[in-house]
Amino acid sequence: MAPTRAEPFSDSSALIDFVINQGNGVKGLSEMGLNALPRQYIQPLEERMCMINIKAQESIPIIDMSNPDDPEVAKLICEAASKWGFFQIINHDVPIEVLENVKDATYKFFGLPAEVKNKYSKEHSSSNNVRFGTSFTPQAEKALEWKDYLSLFYVSEEEASALWPLACREQVLDYMRKSEVVIKQLLKMLMKGLNVNEIDETKESRLMGSMRTNLNYYPKCPNPELTVGVGRHSDVSTLTILLQDEIGGLFVRENNGDNWIHVPPIKGSLVINVGDALQIMSNGKYKSVEHRVVANGYNNRISVPIFVNPRPSDMIGPLPELIKDGEKPIYKQVLYSDYVKHFFRKGHDGKKTIEFAEL
Ligand SMILES: O=C(O)CCC(=O)C(=O)O
Ligand SMILES: [Fe+2]
């Protein structure tokens, strides 16, 4: 039988070959003009976003950072990190041109021919620190996610110059450099909120010793209601700084309940969320909260998260300052690279990763 647009691939391995091995990604699928979602992307009912669970009247806090030394700002940030695990910042120190440039660079990278992007795939990349891929961990997932990405783990300017794609290298480096000021401000406030007033070298390494920037591309999707852009998960970072475009589609779980809250795009803002590493280090005071991204039937969407992480070789656990006053630790010490490996061994599964560190 001749291939149809609904099922254009003879079998699953033909689809995997096109999407993964040839580097066409879901962008390639989307551009074929499919009129139905390939079955590999159909998520079980419980993983799809259901309109009745969206709480339209709620919003995560929006915090003005124009006076970062104002104690009121620090208070709002610490409250948001403990209650919501998510907030947006406006009037921060990252210039708007830097944000616009990194969005343009994201489109430029994904606009490259598949064979050029594929040089950075797991199979072909000359380094584990540069990775072009699709979905989350396709080999471990029951259903695939409608997303392509480029992941850039920062080691040094020299390595970035040698290995990162030219289409986005300078723009991503600039975005990371300019964000560092804000990251330090936020971490200082969050530590103060725990009565940790000194960030020495060891602590700085655990809080922000390594950084990874992802460029995410969510192409327009046939039958978006049957799949997800990113499934329910919490990040394994200390903090995530996320730049999203004007399309929208990121949802955050409200207070462990069944309701989901949309994170509305605000031009020039950055979305900040607490990751598992900070939940562990703060002994549960700050919360990493589940979030997900829906697929979109009308528009392509991009986002650019910076994952601020401990170093892979760091042991992380509740900070000694918290435990010394007799507080009971609820997490054990774990090697951060083991924690991350555990996250990537399975598909997205909500808040399950943190059980790895529970006592
Ligand atoms: O695209 C987004 O808005 C969020 C992406 C995300 O949650 C992630 O990359 O961890
Ligand atoms: Fe995330």
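UniProt positions are given in the numbering used here, with feature names shortened, and the annotations may be inferred rather than shown by experiment. The model is a predicted one, in which local features need pLDDT of at least 70 and side-chain atom pairs count only at pLDDT 80 or more, whereas totals for chains, interfaces and linings use all residues. Residues are numbered from 1 along each chain as its sequence is written, chains are lettered from A and ligands numbered from 1 in the order in which they are written, and side-chain values use heavy atoms, with hydrogens and water left out.

**View 1. The annotated span, residues 209-310.** An unreviewed UniProt entry lists residues 209-310 as "domain: Fe2OG dioxygenase".

**View 2. The donors of the iron ion (ligand 2).** His 233 (NE2), Asp 235 (OD) and His 291 (NE2) coordinate the iron ion (ligand 2) at 2.1 to 2.2 Å, and along the chain these donors follow the spacing H-x1-D-x55-H. Asp 235, in the loop between strand S6 (230-233) and strand S7 (239-244), and His 291, in strand S11 (residues 291-293), are 56 residues apart. Donors are N, O and S atoms within 2.8 Å of the metal (3.2 Å for Na, K and Ca), and sites may look incomplete because water is not among the atoms. Asp 235 is buried, with a relative accessible area of 6%, and His 291 also counts as buried at 6% relative accessibility (buried means under 20% relative accessible area, exposed over 50% and partly exposed in between, with a 1.4 Å probe and protein chains only).

**View 3. Aromatic pairs.** The structure holds 13 aromatic pairs, a pair being rings of Phe, Tyr and Trp (its six-membered ring) with centres within 6.5 Å, and planes under 30 degrees apart count as stacked, over 60 as edge-to-face and the rest as tilted. The rings of Phe 109 and Phe 132 have centres 5.9 Å apart and planes at 70 degrees, so this pair is edge-to-face; Phe 109 belongs to helix H4 (residues 96-110) and Phe 132 to strand S3 (residues 130-134), 23 residues apart. Both Phe 109 and Phe 132 are buried. Tyr 339 and Phe 356, with ring centres 6.0 Å apart and planes at 65 degrees, are likewise edge-to-face.

**View 4. The largest nonpolar core.** Among the 71 residues of this core, Ile 77, Leu 150, Tyr 175, Leu 186, Ile 241 and Leu 270 touch the most other members, and helix H7 (residues 169-192) contributes the largest share, 11 residues. A nonpolar core is a set of buried Ala, Val, Leu, Ile, Met, Phe, Trp, Tyr and Cys residues joined through side-chain atoms within 4.5 Å. Leaving aside residues up to four places away in sequence, Leu 186 touches Met 65, Ile 77, Phe 87, Leu 239, Ile 241 and Ile 272 (contact means heavy atoms within 4.5 Å).

**View 5. Ser 205 in helix H8.** Ser 205 lies in helix H8 (residues 201-208) and counts as buried at 10% relative accessibility. Beyond residues up to four places away in sequence, Ser 205 touches Asn 309, Pro 310, Arg 311 and Asp 314.

Notes:
Helix = DSSP H or I, 4+ residues; strand = E, 2+ residues; numbered from the N terminus.
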